[in-house]
Amino acid sequence: MSLQIRKERVAIYPGTFDPVTMGHMDIIQRAAKQFDRLIVAVLNNLSKNPLFSVEERTDLLRQATQDIPNVEVDSFRDLLVNYVRQKDAQVIVRGIRTVTDFEYELQNASINHNLDPDAETIFMMTNPKYSYLSSSVVKEIAHFGGNVSDFVTPEVELAMKHKFKRMDGGVKP
């Protein structure tokens, strides 16, 4: 009898997560069921001016995912395919809300496949109730004192209130 050892199925869900929304959480929860280990990787994107630092975003994600045992949170500032190799992952998970998202993500998946043919990308359709939701929209609503409790976790909502209270020019929620 031969003993076969199955390789751990590892996926990377990369993103800016500024902030993590319920749409992101939907993808995280569903992807975690498909893989042995899901690494939610916060991109340190030098071309964006995020509301939260990388450390704040990773901390908020850790709080949001603490009850999902096979999820770990990390950050990176390299090419995604290099990070995938470093983590010995086989799959990149991307959430899709709209046709526009699909076109953008298909281009990125094609580039990543060209850079590393072993890095597969899977697309997960976001739950329709979150199809309109984006981090940018959530930040704008919170900035002007609107209620974002249906869009983010309580920890993220509180962090956004504190952040906007400290910023000049923002309406204090």
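In the predicted model, Ile-122 counts as partly exposed, with a relative accessibility of 30%. That value falls between the limits of 20% for buried and 50% for exposed. Ile-122 belongs to strand β5, which spans residues 120-125. Beyond its neighbours within four places in sequence, Ile-122 is in contact with Phe-35, Val-91, Ile-92, Val-93 and Arg-94. Leu-106 lies 16 residues from Ile-122 in sequence. In space, the C-alpha atoms of Ile-122 and Leu-106 are 9.9 Å apart.

Arg-94 also features in the largest pocket, as one of the lining residues nearest the pocket centre. Two or more lining residues come from each of β1 (10-15), α1 (22-32), α3 (80-86), β4 (91-96), α4 (99-115) and α5 (135-143). Helix α4 supplies the largest share, nine residues. By residue class, the lining holds 17 nonpolar, 16 polar and eight charged residues.

Aromatic pairs number four. Tyr-13 and Phe-17 form an edge-to-face pair. Their ring centres are 5.3 Å apart, with 80° between the planes. Both Tyr-13 and Phe-17 are buried. Phe-76 and Tyr-83 are stacked, because their ring planes meet at 20°, under the 30 degrees required. The centres of these two rings are 4.6 Å apart. Phe-76 is buried at a relative accessible area of 8%. Tyr-83 is likewise buried, at 1% relative accessibility.

Definitions and conventions: Residues numbered from 1 in each chain as written. Predicted model: local features only at pLDDT ≥ 70, side-chain atom pairs only at ≥ 80, totals over all residues. Heavy atoms only, no water. 1 Å grid on protein atoms, 1.4 Å probe; cavity = no way out; pocket = protein on both sides within 12 Å on 5 of 7 lines; lining within 4 Å. Helix = DSSP H or I, 4+ residues; strand = E, 2+ residues; numbered from the N terminus. Nonpolar A, V, L, I, M, F, W, Y, C, P; charged D, E, K, R; others polar. Buried < 20%, exposed > 50% of the residue type's maximum accessible area, 1.4 Å probe, protein only. Contact = heavy atoms within 4.5 Å. Phe/Tyr/Trp six-rings, centres within 6.5 Å; stacked < 30°, edge-to-face > 60°.
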